[in-house]
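Visitor: Could you take me on a close look at a single part of this structure, and then show me how it sits within the whole? I would enjoy one connected account.

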Amino acid sequence: MTKAGSKGGNLRDKLDGNELDLSLSDLNEVPVKELAALPKATILDLSCNKLSSLPSDFCGLTHLVKLDLSKNKLQQLPADFGRLVNLQHLDLLNNRLVTLPVSFAQLKNLKWLDLKDNPLDPVLAKVAGDCLDEKQCKQCANKVLQHMKAVQADQERERQRRLEVEREAEKKREAKQRAKEAQERELRKREKAEEKERRRKEYDALKASKREQEKKPKKEANQAPKSKSGSRPRKPPPRKHTRSWVVLKLLLPLLLLCVAGGLVACRVTALQQQPLCTSVNTIYDNAVQGLRRHEILQWVLQTDSQQ
């Protein structure tokens, strides 16, 4: 890229009073730093170069009063071009501009403007009109400034409208959030109240249970003397034949011993020939046979062993 200084020496050498002519310098870039160092150069001619854009720091050259950018390839101006508040004369002839930045409305000192031979937006082109003489160029500057102020006001209103819409949306979101938080607080409050009521009922039930348990021993203590002084306690029913059975069990071995002794005496000793022993032996033999036949002995023995 070709810069001023590499062709034609130092910029100070080109400075003539307050005018700096960099036209026909085959520039692709604007030497902003070098220009910022020359605040006396209030008139700057950058026409007939190859500039397709201007850097944003170009708008810091606020000392400029007259600027010629004609016959370049500019497609747009920096968004903050309006910072060049001291600019009075601006030549943008024969570039590729379609629109102007909204900040253009801040160029309150602009008295002369040429926008011919640019593919301008139809509305802007109609507002700008021709710039064939001094009067028309002054009218162009005035009309374009008024138009850009209107555009700026419209954009500001649109920005305010969007901002208001965003504020309303934010208010709705905040209101919705507050309603949600209030609902959650109410829900937590209700749950807390329900939990408190549940615990109270459990506590009351526990106290009632303890009171009932404390009353039971008192009732039993109060009922015990009444049973002694009042109705007689029931005696357990006597077991039937208990005493007879005990006597029988005591006498049975003795009886069996006597019978056994008599049988032995009648069957072994010399008494077996006596009429009594003969009868006893006959009865014993018949009883033994009968017991063996009906197996009564086994039942009697089993019953006796179980007892």
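Guide: Happy to! One term before we start: two residues are in contact when heavy atoms of theirs lie within 4.5 Å. Please keep in mind that this is a predicted model.

Let us look at Asp45, which belongs to strand β3, residues 43–45. Leaving aside residues up to four places away in sequence, Asp45 touches Leu20, Asp21, Leu22, Ser23 and Asp68. Asp45 is buried, yet it has no salt bridge. The nearest side chain of opposite charge is that of Lys66, 8.2 Å away, and a salt bridge would call for a nitrogen within 4 Å of a carboxyl oxygen. What the side chain of Asp45 does have is a polar contact with the side chain of Ser47, at 2.7 Å.

For a charged pair that does meet, move along to Lys50, whose side chain forms a salt bridge with that of Asp26 (2.9 Å, N to O). Lys50 sits in the loop between β3 and β4 (66–68), and Asp26 in the loop between β2 (19–21) and α2 (32–36), so this pair ties together parts 24 residues apart in sequence. Both partners are partly exposed: Lys50 has a relative accessible area of 41%, and Asp26 comes to 26%.

Arg157 counts as exposed at 52% relative accessibility, while Asp154 is partly exposed at 41%. Glu158 and Arg161 also meet in a salt bridge, at 2.6 Å from N to O, and they too are three residues apart in α4, about one helical turn. Salt bridges with shared partners also join Glu195, Arg198, Arg199 and Glu202 into one network. The count of salt bridges comes to 13.

Leu251, Leu254 and Leu257 make a surface patch of about 320 Å². Leu254 lies in helix α5, residues 242–268, and is partly exposed at 49% relative accessibility.

Stepping back, the protein chain has seven helices and six strands, and 23% of its 307 residues count as buried, Asp45 being one of the buried residues. The chain exposes about 22,700 Å², with carbon and sulfur atoms supplying 54% of that area. Among contacts between residues at least 6 apart in sequence, 35% join residues at least 24 apart.

Technical notes. Residues numbered from 1 in each chain as written. Predicted model: local features only at pLDDT ≥ 70, side-chain atom pairs only at ≥ 80, totals over all residues. Heavy atoms only, no water. Helix = DSSP H or I, 4+ residues; strand = E, 2+ residues; numbered from the N terminus. Buried < 20%, exposed > 50% of the residue type's maximum accessible area, 1.4 Å probe, protein only. Lys, Arg positive; Asp, Glu negative; His and termini not counted. Polar contact = N/O pair within 3.5 Å; in protein donor to acceptor, adjacent residues only side chain to side chain. Patch = residues over 30% accessible without salt bridge, like charges linked within 9 Å, V, L, I, M, F, W, Y side chains within 5 Å. Areas by Shrake-Rupley, 256 points an atom, 1.4 Å probe, with all protein chains shown as cover.
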